[in-house]
Each structure stands twice: as structure tokens, then as C-alpha cells.
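Welcome, and please open your viewer so that we can walk through this model together. At each stop you will get something to select and a short note on what is there.

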Amino acid sequence: MRPQDILMPVAAGLHCKPGGFHIDPVRPVERAVITHGHSDHARAGHGAVLATQETLDMMRLRYGENFARSTQAMAYGQQLRLGEVTVKFHPAGHVLGSAQVAVSCEGTCIVASGDYKDAPDPTCAPFEVVPCDVFITEATFGLPVFRHGDAADEIKKLLASVALFPERAHLVGAYSLGKAQRVIALLRAAGYDAPIYLHGAMEKITRYYESRGVALGDLRPVKGMKKADLAGTITLAPPSATS
Ligand SMILES: [Zn+2]
């Protein structure tokens, strides 16, 4: 079977006609396969949603109980027959529950990556290389102009600044789902065990990470804290709240 007969981009998103579903659709569809919980991939209003348990839980947290008509959770490595194709999830190393979707039909395997990274991240399962015939990749930071420094080195810089300016509060902008928890986990891995303060917008998701076994240490809401009491501490807030 030709790859384009298995998966094809259409207005609603990446469409699998022989399987009867879309991957990360941008419009409401009958049947959606969702790679991870970020809002540019996981939207409310679909009929049936197939995703990892963590992605479904995050969609529930963000959109409410009725975000889809029905849901089905799938574990990494599990296979499911949908129409004429077989669907399998593999870890994408992006955020908790993020999955690459492997779609196989008549001996041809296509992997749609969703967002992914191969850098170590203590808050989610590591990226897995999946042998396939066609790889459909996200390329958000694919341009050579993007050169991200080593995460542990960036954490060292932050801790050096906290040590150098004990009279100041340090506010770190990080997306509420994934990035914030990764920064916290990296701070803990670097030996920082003081309380870390959280903007209200990231509390629910962060507590959810903890409930799934991601240890993040002493976390406290920043709400109600006086500026003077935040001297020498680190607070995390979504980028939109830090300007
Ligand atoms: Zn993402």
C-alpha cells in the first residue's frame, strides 16, 4: 500500500482513511488519536478519543469531564486494530504520556512523531526510535538556528544566580504542562531541595504529575506570599504571567 493511502494531510489534520481516524486533528472529528496533552495537539469536541491514560487525564483536567463523547486509553507498546490498520503507541520523550503513533497497513509502517525530544527528561518515558518506512516528524525547532544548551548547565546558571542574589526572588517562565515539571525535576536532580513556588495556573497539572509518580519535592502555591518572603526562592509561572 502506498503511504499516502494510509495517512494523508487534510483540512482537519492527518487523516487515516483505512483506519477511520485523524491524528491530532485541528477540527472536531468522529475519531481522534491524540499524541499528547498540549493544546495545539489535544483539542476538545471530538467523538471518540484514543490516547495514553496520561493524555486523557490531562485533557480532562484542562477541558472538563465531557471533552469527548468517549475515550479509550492505550499503553505504550499496546496494539490496536482500527479498520484496516494497526495502531501502536511508542514513548516520544516530550511530556508525561506523550506518544508517537505507529500506523501499519499491509506491511507498510508510518510513524507520526507528535512533539518529541531525545534529551533526557526525568518526568517522562524516554524517546524510542521506531523502525518504519515513513517518519512524519514535527520540526518546531528543526532550523539550524536553534541551538539549545545542555539543560543541566542551564539549571546550574539559575542556581548560581539564586546564590549570588539571595535578596531577590527568581521567577522562571515555563509552560504549565511539561516544561515546568521538567525544570523542577532538574532542580531537584541538581540537589536543590528548598521549596519551589508555583503560579496557580500550573498547580493542577503539577499535582497530576506527582500523582503519576513523578517526585518533585516541596512545592507551594505562590499566591498569598509576600514579596519579601520570596527573597532567595524560585517561582515558576507560565510565560504569559511573567511579563
Ligand atoms: Zn507539545
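**Stop 1: the zinc ion**

Start by selecting the zinc ion: its protein donors are His-36 (NE2), His-38 (ND1), His-94 (NE2) and Asp-115 (OD), lying 2.1 to 2.3 Å from it. Donors here are N, O and S atoms within 2.8 Å of the metal (3.2 Å for Na, K and Ca), and since water is not among the atoms, sites may look incomplete. Before you go further, note that this is a predicted model, in which local features need pLDDT of at least 70 and side-chain atom pairs count only at pLDDT 80 or more, while totals for chains, interfaces and linings use all residues. Residues are numbered from 1 along each chain as its sequence is written, and side-chain values use heavy atoms, with hydrogens and water left out.

Why is the arrangement around the zinc ion irregular? The 4 donor atoms subtend angles of 91 to 161° there, and that makes it irregular. For comparison, four donors count as tetrahedral if all angles lie between 85 and 135 degrees; four count as square planar and six as octahedral if opposite donors are over 155 degrees apart and all others between 65 and 115; anything else is irregular.

Along the chain, the donors of the zinc ion follow the spacing H-x1-H-x55-H-x20-D. Now colour two of them: His-94 lies in the loop between strand E8 (85-91) and strand E9 (99-105), and Asp-115 in the loop between strand E10 (108-112) and strand E11 (134-136), so the pair ties together parts that are 21 residues apart in sequence. Helices (H or I, at least four residues) and strands (E, at least two) are DSSP runs, numbered from the N terminus. Both His-94 and Asp-115 are buried, where buried means under 20% relative accessible area, exposed over 50% and partly exposed in between (1.4 Å probe, protein chains only).

**Stop 2: the open sheet**

Next, show the strands E7 to E11 as a cartoon: these 5 strands form an open sheet in the order E7-E8-E9-E10-E11, with mixed pairing. Two strands pair if DSSP finds at least two bridges between them. Strand E7 (79-82) and E11 stand at the edges with a single partner strand each, so one side of each is left without a neighbour in the sheet.

Then click on Glu-106, in the loop between E9 and E10. Glu-106 is not a glycine, yet has a positive phi of about 45°. Is Glu-106 buried or exposed? With a relative accessible area of 64%, Glu-106 is exposed.

**Stop 3: the aromatic rings**

How many aromatic pairs does a search of the whole structure find? The search finds 3; rings of Phe, Tyr and Trp (its six-membered ring) pair if their centres lie within 6.5 Å, and planes under 30 degrees apart count as stacked, over 60 as edge-to-face and the rest as tilted. Select Tyr-116 and Phe-127, a stacked pair at 5.1 Å centre to centre with 25° between the planes. Tyr-116 is partly exposed at 30% relative accessibility, and Phe-127 is partly exposed at 24%. Move on to Phe-141 and Phe-146: their ring centres are 5.0 Å apart and their planes at 85°, so this pair is edge-to-face. Phe-146 is partly exposed, with a relative accessible area of 34%.

**Stop 4: strand E5 and its neighbours**

Now select strand E5 (46-51). In E5, 6 of the 6 residues are buried, so this strand is largely enclosed by the rest of the structure. Strand E4 (residues 31-33) runs parallel to E5, joined by 3 bridges, and Val-33 stands opposite Leu-50 in E5. E5 and E6 also run parallel, with 5 bridges between them; there, His-46 stands opposite Ala-68 in E6.

**Stop 5: helix H2**

Finish at helix H2 (residues 53-63), where Glu-54, Thr-55, Leu-56, Asp-57, Met-58 and Met-59 are buried. The buried residues of H2 pack against strand E5, strand E6 (68-73) and helix H5 (203-211), with contact meaning heavy atoms within 4.5 Å. After H2 comes Gly-64, whose phi is positive, near 95°.
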